[in-house]
Amino acid sequence: MVKRTTDEIIVLTLCSLCAMGLGLFTVIRLQRGEVDIAVVDGIGLVISAAIFAYVYRTQDLRVAAPLLAILSLTGTVVLVVLGGPDERYLLYPTSVGAYFLMRPAWAMVASVVALAGTSAVILPVVDVFVYGKFLLSISGCVLFAYVFARERNIQRDELLSLSTLDPLTGVGNRRAFDEQLRELLRMRNRAPTPASLLLLDLDHFKEVNDSRGHDAGDRLLREIAALIDARMRAGDHAFRFGGDEFAVLALGEGVQNLGQDLCDRIAALSKARSLPVTVSVGIATLEAADVAEDLIKRADTALYEAKDTGRNTVSIAGASLAASKDDITDS
């Protein structure tokens, strides 16, 4: 079963509500002879259903969510133009909904533009007092929605940071790794890009804890995590996989060279600290039929091969022998 985020559920729910509401309004307007408005409602129904289907299939909200917000606000203004001032009340739900679909600043801009368009239509034909009450109420609604959405996003970002960062090293934790891997698998279906998993296990790390204490071990883990994070290319992500093991999800080619570079740099760092620590690296490339467990298992197998062939080296999943430094340099 596909695991969906809260934002996906919000978009799918709003699409469903829009589709059901617009479907009902389309039928009612046709019965009342309001064909032009019924056409607008029908178009909105089709668009809502299309966005629902797209998000349900791809889980991609980057375009779908703001598009739904903009089209809802635009449709509201069009309905006011065609149906008159009584349609203005639709601006309340569409304006509030925009804050669940867009960044608060952009939602504010979009809702203010929609309010301006609506005002231009209804102001000449309604009593000034009636318009004043409408303007005051919709402005307060938009303002409170903005404040709520902004605070919600700030709190969500803080909670996300706490739940996805390793507190010792500052790189992503296992939960962040799982989420990024799921996103990588989804992205593979939309735009295939070479992707690989590198598992890094520190050699002889226990000796540091035993001889110099856990504080020294923690300092070394922080330094190594910073070193790995600094070597990440565009699209690469580093994680602490657990204990003295790290993981890298890498996009593009050249992952063998990246693995060897990390080997060399970690060995150099340890040597400068007069420590015995090196790193063994197992690499697996994402294949078309892979699920998450397949990729992790192959990388883990390659890691054990690197350990068995002397450590401080890189092993590629599927290769008969661990890749040597000379092999990687020549590739």
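Q: Is the crossing of helix 1 and helix 2 left-handed or right-handed?
A: In this predicted model, the axes of helix 1 (residues 6–31) and helix 2 (residues 35–58) come within 8 Å. The contact involves residues of both helices, including V11, L12 and C15 of helix 1 and I37, A38 and D41 of helix 2. Where helix 1 passes helix 2, the crossing is left-handed.

Q: How is helix 1 oriented relative to helix 2, roughly parallel or roughly antiparallel?
A: The axes of helix 1 and helix 2 cross at roughly 155 degrees. Angles over 145 degrees count as roughly antiparallel. The relation of helix 1 to helix 2 is therefore roughly antiparallel.

Q: At roughly what angle do the axes of helix 3 and helix 4 cross?
A: Two packed helices are described by the angle between their axes and the distance between the axes. For helix 3 (residues 64–83) and helix 4 (residues 91–101), the axes come within 9 Å. The two helices are roughly antiparallel to each other, and their crossing is left-handed. The crossing angle is roughly 165 degrees.

Q: Which residues of helix 4 meet helix 3?
A: Helix 3 contributes A65, P66, L68, A69, S72, L73 and T76 to this meeting. On the side of helix 4, the residues are L91, T94, S95, A98 and L101.

Q: Which residues does L82 contact, leaving aside its neighbours within four places in sequence?
A: L82 is placed in helix 3 and counts as partly exposed, at 38% relative accessibility. Its C-alpha atom is separated by 30 Å from that of R103, 21 residues apart along the chain. With neighbours within four places set aside, L82 is in contact with D36, I37 and V40.

Q: How far apart are the end C-alpha atoms of helix 5?
A: Helix 5 (residues 104–122) has 19 residues, which at 1.5 Å a residue should span 27 Å. The distance between its end C-alpha atoms agrees with this, at 26 Å.

Q: Against which helices do the buried residues of helix 5 pack?
A: The buried residues of helix 5 are P104, A107, A110, S111, A114, L115, T118, S119 and I122. They pack against helix 3, helix 4 and helix 6.

Q: What distance does helix 6 reach from its first C-alpha to its last?
A: Helix 6 (residues 128–164) has 37 residues. At 1.5 Å a residue, 54 Å is expected. The reach from first to last C-alpha is close to that, at 53 Å.

Q: Which backbone nitrogen does a side-chain oxygen of D127 reach at the start of helix 6?
A: Within helix 6, the buried residues are Y131, F134, I138, V142, A145, A149, N153 and T164. At the start of the helix, a side-chain oxygen of D127 comes to within 2.8 Å of a backbone nitrogen. That nitrogen belongs to F129.

Q: How far apart in space are the C-alpha atoms of S139 and S111?
A: S139 lies in helix 6 and is partly exposed, at 33% relative accessibility. S139 and S111 are 28 residues apart in sequence. In space, their C-alpha separation is 9.5 Å.

Q: Which residue's side chain is joined to that of D166 by a polar contact of 2.7 Å?
A: D166 is found in the loop between helix 6 and helix 7 (174–190), where D166 is buried with a relative accessible area of 11%. Not counting residues up to four places away in sequence, D166 touches V171, G172, N173 and R240. The polar contact of 2.7 Å joins the side chain of D166 to that of T169.

Q: Where is R311 found?
A: R311 is a residue other than glycine with a positive phi, near 65 degrees. R311 is partly exposed, with a relative accessible area of 35%. Its place is the loop between helix 11 (292–308) and strand 5.

Q: With which residue's side chain does the side chain of S315 make a polar contact?
A: S315 is in strand 5 (residues 314–316). S315 is buried, since its relative accessible area is 0%. At 2.9 Å, the partner of its side chain is the side chain of E305.

Note on methods:
Residues numbered from 1 in each chain as written. Predicted model: local features only at pLDDT ≥ 70, side-chain atom pairs only at ≥ 80, totals over all residues. Heavy atoms only, no water. Helix = DSSP H or I, 4+ residues; strand = E, 2+ residues; numbered from the N terminus. Expected span 1.5 Å × (residues − 1). Buried < 20%, exposed > 50% of the residue type's maximum accessible area, 1.4 Å probe, protein only. Polar contact = N/O pair within 3.5 Å; in protein donor to acceptor, adjacent residues only side chain to side chain. Axes fitted to C-alpha atoms, helices over the stretch in contact; angles between N-to-C directions. Parallel < 35°, antiparallel > 145°, perpendicular 65-115°, else oblique. Left-handed = near helix turned anticlockwise from the far one by under 90°. Contact = heavy atoms within 4.5 Å.
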